[in-house]
Amino acid sequence: MVHNPLRLRIDGDALVANWHWLAHRSGGADCGAAVKANAYGLGARQTVKRLQAAGCRSFFVATWAEAENLAPWPGDLELSVLHGPMAEDMAAAARLPVRPVLNSVEQVARWRGTARPCDVMIDTGINRLGIRPEQLADGLLDGLEIETLMSHLACADEDSSANRAQLEAFRAVAGTVNARRLSLANSAGICLGADYAFGLTRPGLALYGGVPRREAKGHIRQVAHVEAQVVQRRSVPAGERVGYGGTFVAEEACDLLVLNIGYADGYLRGFSSRGRAKVAGKWAPVVGRVSMDLITVRIDPKTKVGEGDWVELDYDLSEASVQSGLSQYELLTTLAGRFKRTWI
Ligand SMILES: *Cc1c(COP(=O)(O)O)cnc(C)c1O
C-alpha cells in the first residue's frame with residue numbers, strides 16, 4: 001500500500017464516552033445518533049458499529065443515498081431519513097428497511113399509500129423542514145403509524161427565549177398527535193435540561209467531540225485527531241518572508257516545519273497565522289498562509305524533529321473554531337478525502 005502522509009486518528013472510546021454522557025444527560029430518554037454526512041465526516045459505518053455496541057438503537061441520516069450506503073441495515077436498529085421522501089426517493093424507500101421523517105403535507109400524502117411506519121417533523125419555529133402546527137387540522141396525520149414525532153430547535157446553542165417557545169409549541173402539538181414517542185433535542189438541546197429530552201434525543205456534534213454549550217465543557221472528549229507528516233524542516237534567515245503573500249516576516253532567524261496538510265484537506269485558510277500544532281509537547285504556531293497542500297509552523301530551534309516525523313494539529317473543536325472562525329460542524333465536515341482514517 002502506498003504511504004499516506006496525512007492521517008485522521010478517530011478515537012472510538014471517546015465517541016462512546018461522549019454518547020454515554022449524552023445518554024446520561026438525556027435522563028430516561030433513549031439517546032440516538034445523527035450520522036448524516038458520513039457521521040460528520042468521520043465514517044458512518046464505523047460510527048454506527050461502535051455506538052451499536054454501546055447500546056445506541058436509533059440513527060439519523062439526511063438522505064436516501066446515505067441510507068443506501070449503510071445497507072444492509074441491522075434489523076435491531078432504527079434508521080430515519082431526515083429529509084423525507086421526494087417522488088424520486090420512493091423506489092429506494094420501498095427497498096430499504098428504514099423510516100422517512102415526513103416534513104410536509106405532500107410527503108404525508110406520498111407515504112400514506114405504503115402503510116408503513118414513519119416519523120413526522122413538526123416545525124415549531126425554525127422554518128426549515130417540518131409541518132406547521134396549523135396544517136395538522138383536518139386529520140392530516142390520521143391513520144399514519146407514527147414512531148417518532150419530532151421537532152428541531154433553532155437556537156439551542158444560545159440562551160434564547162426561542163428555546164422555551166419551541167418547547168411549549170411542541171408540547172401543544174404532541175398533545176394532539178398519536179405517536180409512539182417524542183423527540184426534540186439535538187446535542188445543544190440535551191444540555192438545556194430534562195424538559196427537552198422527551199422520549200428520544202438526537203445528538204450529532206457532541207458525539208464527535210463538539211462542545212455545543214458550556215454545560216458540556218469538560219465532559220465531551222475530542223474524537224478526531226488530525227496528524228500530518230513533516231515534509232521538511234528549514235531555517236529562515238532574519239528579514240525573510242514565508243508563504244504566499246509573504247504574510248509572515250521572520251523578525252529574527254527562525255526554524256520552521258513544513259507539514260503535509262493544507263486547505264485541500266479541509267485545513268482551511270482561516271488557520272493562517274492562527275492555528276497551531278503540538279511539536280515535542282509544545283505548541284508551534286502556524287506562520288503565514290495555509291496553502292493547498294502545505295502549512296508552515298514555527299518551532300523552538302532546540303526541538304529535535306524533522307522530515308518524516310508526525311505532528312498533531314490542534315483540532316480541539318472549540319479551540320479550533322475560535323482560531324479559524326469556522327463552526328465546529330464545518331471543522332468536522334470539511335476534513336476531506338486525502339486522510340487515511342484510522343479508528344483506535
Ligand atoms: C443534524 C440534526 C441533529 C443533530 O444535531 P447536532 O446539533 O449535531 O447535535 C438532530 N436533529 C436534526 C433534525 C438534525 O438535522
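Which strands do the buried residues of α7 pack against? I looked this up first.

I noted that this is a predicted model, in which local features need pLDDT of at least 70, side-chain atom pairs count only at pLDDT 80 or more, and totals for chains, interfaces and linings use all residues. Residues are numbered from 1 along each chain as its sequence is written, and side-chain values use heavy atoms, with hydrogens and water left out.

**Helix α7**

I found that the buried residues of α7 pack against β8 (146–150) and β9 (181–183). Helices (H or I, at least four residues) and strands (E, at least two) are DSSP runs, numbered from the N terminus. Those buried residues (under 20% relative accessible area, 1.4 Å probe, protein chains only) are Asn-163, Gln-166, Leu-167, Phe-170, Val-173 and Ala-174. They cover an arc of only 130° around the axis, taken from the directions to the C-beta atoms, which puts them on the same side of α7. On the other side I found Ser-161 and Ala-172 exposed, a term for over 50%.

At the start of α7, I saw a side-chain oxygen of Ser-160 within 2.9 Å of the backbone nitrogen of Ala-162.

**The ligand**

I listed 14 residues around the ligand (a heavy atom within 4 Å); Lys-36, Tyr-40, Ser-187, Leu-205 and Tyr-329 come nearest. A polar side-chain atom of Lys-36 lies 2.7 Å from a ligand oxygen atom. For Tyr-329, the distance from such an atom to an oxygen atom of the ligand is 2.5 Å. His-152 has a polar side-chain atom 3.5 Å from a nitrogen atom of the ligand. The protein covers 93% of the 390 Å² of accessible area (Shrake-Rupley method, 1.4 Å probe) that the ligand has on its own.

Definitions and conventions:
Contact = heavy atoms within 4.5 Å. Polar contact = N/O pair within 3.5 Å; in protein donor to acceptor, adjacent residues only side chain to side chain.
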